[in-house]
Amino acid sequence: MVVESVGFLAAYDQPGSLPPLLAGTLGALVTVWVTFLPCFLFIFLGAPAVVLNLAVWFAVHTALGTVDDRVLGPVHLPVPQWSSVRVASVAISAVAVVLVFRFRVGTMRLVALAAVAGAGLAALHLL
């Protein structure tokens, strides 16, 4: 709000050929636009990549027991050991996919069901 007020007052004091109130309003709008637009662009452009990266990381580390990291300059690539597949984790994930896309089970119910399944399999030493 302070930045908006400064933009309004600056344009109001130096309106050029516009009426002062119109110039102040335009100055406030432009100030808000250039202040907040970069923040939203960073969020909307960067967030999908971050979410995708986290989804892949969690999927790989949940489905596989051993994952090595290969470093290629600034890039870290997970290299899974396919012999360490956690069958129970993959099964829970497969059932969750069916529950979501076929039966439209809600998020909270799905998380609760997956937690109960995971706890049960862990208690049986199958997870």
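In this predicted model, R104 is exposed, with a relative accessible area of 64%, and its place is in the loop between α3 and α4. The phi angle of R104 is near 55 degrees, which is a positive value in a residue other than glycine. Most residues other than glycine have a negative phi. A second residue with a positive phi is H125, for which the angle is about 60 degrees although H125 is not a glycine. H125 lies in the segment after α4, and with a relative accessible area of 71%, H125 is likewise counted as exposed.

The axes of helix α3, which spans residues 87-101, and helix α4, which spans residues 107-123, come within 11 Å and cross at roughly 160 degrees. An angle over 145 degrees counts as roughly antiparallel, and α3 and α4 are therefore roughly antiparallel to each other. The crossing in which α3 passes α4 is right-handed. On the side of α3, the contact is formed by A88, I92, A96, L99 and V100, and these meet L110, L113, A114, A117, G118 and L121 in α4. The residues of this contact between α3 and α4 divide into ten nonpolar and one polar, with no charged residue.

A further helix pair is formed by α1, which covers residues 2-13, and α2; these helices pack at an angle of about 145 degrees, with their axes 7 Å apart. The crossing of α1 and α2 is right-handed. From α1, the residues V3, E4, G7, F8, A11 and Y12 take part in the contact, and in α2 they meet P20, L21, A23, G24, T25, G27, A28, T31, V32 and T35. The contact of α1 with α2 comprises nine nonpolar residues, six polar residues and one charged residue.

T31 has its place in helix α2, which runs over residues 20-63, and with a relative accessibility of 17%, T31 counts as buried, because buried means under 20% relative accessible area. When residues up to four places away in sequence are not counted, T31 touches V3, E4 and G7, residues that belong to the α1 side of the contact with α2. The side chain of T31 also reaches the backbone oxygen of G27, at a distance of 2.6 Å, and G27 is itself among the α2 residues that meet α1.

A55 lies in helix α2 and counts as partly exposed, at 42% relative accessibility. In sequence, A55 and G27 are 28 residues apart, and in space their separation is 42 Å, from C-alpha to C-alpha. V56 also lies in helix α2, and with a relative accessible area of 42%, V56 is partly exposed. Along the chain, V56 and P78 are 22 residues apart, and the C-alpha atoms of V56 and P78 are separated by 9.6 Å.

How values were computed
Residues are numbered from 1 along each chain as its sequence is written. This is a predicted model: local features need pLDDT of at least 70, side-chain atom pairs count only at pLDDT 80 or more; totals for chains, interfaces and linings use all residues. Side-chain values use heavy atoms; hydrogens and water are left out. Axes are lines fitted to C-alpha atoms, for helices over the stretch in contact, and angles run from 0 to 180 degrees between N-to-C directions. Helices (H or I, at least four residues) and strands (E, at least two) are DSSP runs, numbered from the N terminus. Angles under 35 degrees count as roughly parallel, over 145 as roughly antiparallel, 65 to 115 as roughly perpendicular and the rest as oblique. A crossing is left-handed if the near helix is turned anticlockwise from the far one by less than a right angle, and right-handed if clockwise. Contact means heavy atoms within 4.5 Å. Ala, Val, Leu, Ile, Met, Phe, Trp, Tyr, Cys and Pro count as nonpolar, Asp, Glu, Lys and Arg as charged, and the others, Gly among them, as polar. Buried means under 20% relative accessible area, exposed over 50%, partly exposed in between (1.4 Å probe, protein chains only). A polar contact is a pair of N or O atoms within 3.5 Å; within protein, one must be able to donate a hydrogen and the other to accept it, and residues adjacent in sequence count only if both atoms are side-chain atoms.
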